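Thanks, everyone; I would like to take a few minutes to walk through one model with you. Please have the sequence and the structure open while I talk.

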Amino acid sequence: MVERLGPPLDEPIFDELAIIGVGLIGSSVARAARKRNAVRRIVLADRSQETLARAADLTLGDETTNELKVAVRNADCVLLCAPVGANEEIGGAIAPALKAGAIVSDVGSVKGAVLSALQAALPAHARLVPAHPVAGTEQSGPDAGFAALFINRWCILTPPERADPKAVERVRAFWEALGSHVQTMSAEHHDLVLAITSHVPHLIAYNIVGTAADLEEVTRSEVIKFSAGGFRDFTRIAASDPTMWRDVFLYNKDAVLEMLGRFNEDLTALQRMIRRGDGDGLFDLFTRTRAIRMGIVAEGQETSAPDFGRRGLQADEPAS
Ligand code: NAP
């Protein structure tokens with residue numbers, strides 16, 4: 001799939017954007033925002049000096065610092081791009097240094113817990129508009145990012161009830177400039193939807209790859225050698241960042257447990273079909289699931305090409 005960002009905007013959406021956490025998502029935002037002239041100036045902050053040095057080498061921003069207060073002091077938008085579990089601490093650290101009326105947003109994969117943590121940590125003048133770009137890869141760090149990551153992907157905004165509509169509109173415009181389609185919903189609903197579309201699938205992948213690794217009757221070299229039989233696709237997901245995914249399960253516990261309960265019931269039904277030789281039941285289910293895949297491809301959220309079409313996407317948009 002060939003996808004390109006639009007031409008640079010005449011007027012940037014933000015004067016100064018502070019990105020905290022310059023990993024896959026933070027560096028992709030920096031690259032895309034710069035390409036589209038969506039911000040005048042980008043300040044990058046991270047706890048790791050090595051990451052900041054790499055971000056400077058890649059010229060991802062105009063300034064790099066590991067002092068969060070310095071990073072945010074002139075920002076009209078602060079975007080938290082660290083793992084979900086770090087947001088409360090980061091919120092507390094930036095709170096005293098935020099410019100009056102600054103917009104604070106994030107990209108976390110869990111929204112309910114982040115919303116409560118940030119609402120408690122931030123001063124009343126800050127305008128909080130949490131966001132989740134539903135786009136990513138299994139890689140991490142500033143070298144893994146690329147400007148086209150958000151094109152044609154959904155970005156979900158979960159503004160609190162009394163959010164400033166102007167701030168919500170600017171965050172929406174920002175993600176649209178990066179190529180995303182934007183939808184707004186409650187944090188609670190987001191966490192339920194993402195539990196079944198993202199979090200439980202990751203858990204299943206972690207589990208099946210873990211089970212294969214622990215098998216005694218089948219050797220590890222056989223698992224690797226014959227992986228194209230389906231296992232290989234699970235290993236891609238199970239290679240996702242351990243810190244990020246640990247936090248997802250710790251912070252979206254209730255929704256994940258709810259969806260896992262339903263998953264277990266359906267798995268038991270499948271087990272029964274296999275035991276009883278219910279070929280019609282299996283065939284019906286597999287036909288319905290194939291149609292879901294075709295629907296995702298038809299909506300442009302996936303290509304029918306093998307390897308998820310990602311190689312072509314990255315090749316088309318150079319990393320910086
Ligand atoms: P990543 O590549 O690992 O980057 C995270 C960065 O944040 C790292 O540079 C990390 O530094 C830094 N960091 C961690 N704690 C920090 C702190 N207290 N203060 C400042 N910087 C800190 O992770 P990512 O994939 O970009 O994920 C970032 C966020 O995006 C997560 O909240 C995740 O839920 C969300 N998200 C991810 C995806 C995806 O597919 N990856 C998709 C959508 C949303 P160290 O290297 O020192 O740890």
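This is a predicted model: local features need pLDDT of at least 70, side-chain atom pairs count only at pLDDT 80 or more; totals for chains, interfaces and linings use all residues.

Let me start with Arg 153, which counts as buried because its relative accessibility is 16%, and the cut-off for that word is under 20% relative accessible area. Arg 153 sits in the loop between β7, residues 131-133, and β8, residues 154-157. Which residues does Arg 153 touch, once we leave out those up to four places away in sequence? They are Val 134 and Ala 135, then Gly 179, Ser 180 and His 181, and finally Gly 300 and Gln 301.

In that loop between β7 and β8 we also find Asn 152, whose phi is near 65°, a positive value in a residue other than glycine. Thr 59 is another residue to look at for its backbone, with phi near 45°, again positive in a residue that is not glycine. Thr 59 belongs to the loop between α2, residues 49-57, and β3, and it is exposed, at a relative accessible area of 52%.

Now to the sheet. It is an open one of 6 strands with parallel pairing, and the order across it reads β3-β2-β1-β4-β5-β6. At the edges are β3, residues 63-65, and β6, residues 127-128, each of which pairs on one side only.

Looking at individual pairs, β1 and β2 run parallel and are joined by 6 bridges, and here Leu 17 stands opposite Ile 42 of β2. Is β2 largely enclosed or largely open? With 5 of its 7 residues buried, β2 is largely enclosed by the rest of the structure. Elsewhere in the sheet, β4, residues 77-80, pairs with β5, residues 103-106, in the parallel sense over 4 bridges, and in this pair Leu 80 stands opposite Asp 106 of β5.

Two helices that pack on this sheet deserve a mention. Helix α1, residues 24-35, touches β1, β2 and β4, and its direction makes about 160° with that of β2. Helix α4, residues 87-94, touches β1, β4 and β5, and its direction makes about 155° with that of β4.

Helix α5, residues 112-121, has Val 114, Leu 115, Ala 117 and Leu 118 buried. What covers those buried residues of α5? The cover includes the strands β4, β5 and β6 together with the helices α4 and α7.

That brings me to α7 itself, residues 187-214, and to its meeting with α10, residues 242-251: the two axes come within 11 Å and cross at roughly 120°. An angle of that kind makes α7 oblique to α10, and the crossing in which α7 passes α10 is left-handed. On the α7 side the residues in contact are Ser 198, His 199, His 202, Leu 203 and Tyr 206, and they meet Trp 245, Val 248 and Phe 249 of α10. Sorted by class, this contact has 5 nonpolar and 3 polar residues, with no charged ones.

Note on methods:
Residues are numbered from 1 along each chain as its sequence is written. Side-chain values use heavy atoms; hydrogens and water are left out. Axes are lines fitted to C-alpha atoms, for helices over the stretch in contact, and angles run from 0 to 180 degrees between N-to-C directions. Angles under 35 degrees count as roughly parallel, over 145 as roughly antiparallel, 65 to 115 as roughly perpendicular and the rest as oblique. A crossing is left-handed if the near helix is turned anticlockwise from the far one by less than a right angle, and right-handed if clockwise. Contact means heavy atoms within 4.5 Å. Ala, Val, Leu, Ile, Met, Phe, Trp, Tyr, Cys and Pro count as nonpolar, Asp, Glu, Lys and Arg as charged, and the others, Gly among them, as polar. Two strands pair if DSSP finds at least two bridges between them. Buried means under 20% relative accessible area, exposed over 50%, partly exposed in between (1.4 Å probe, protein chains only).
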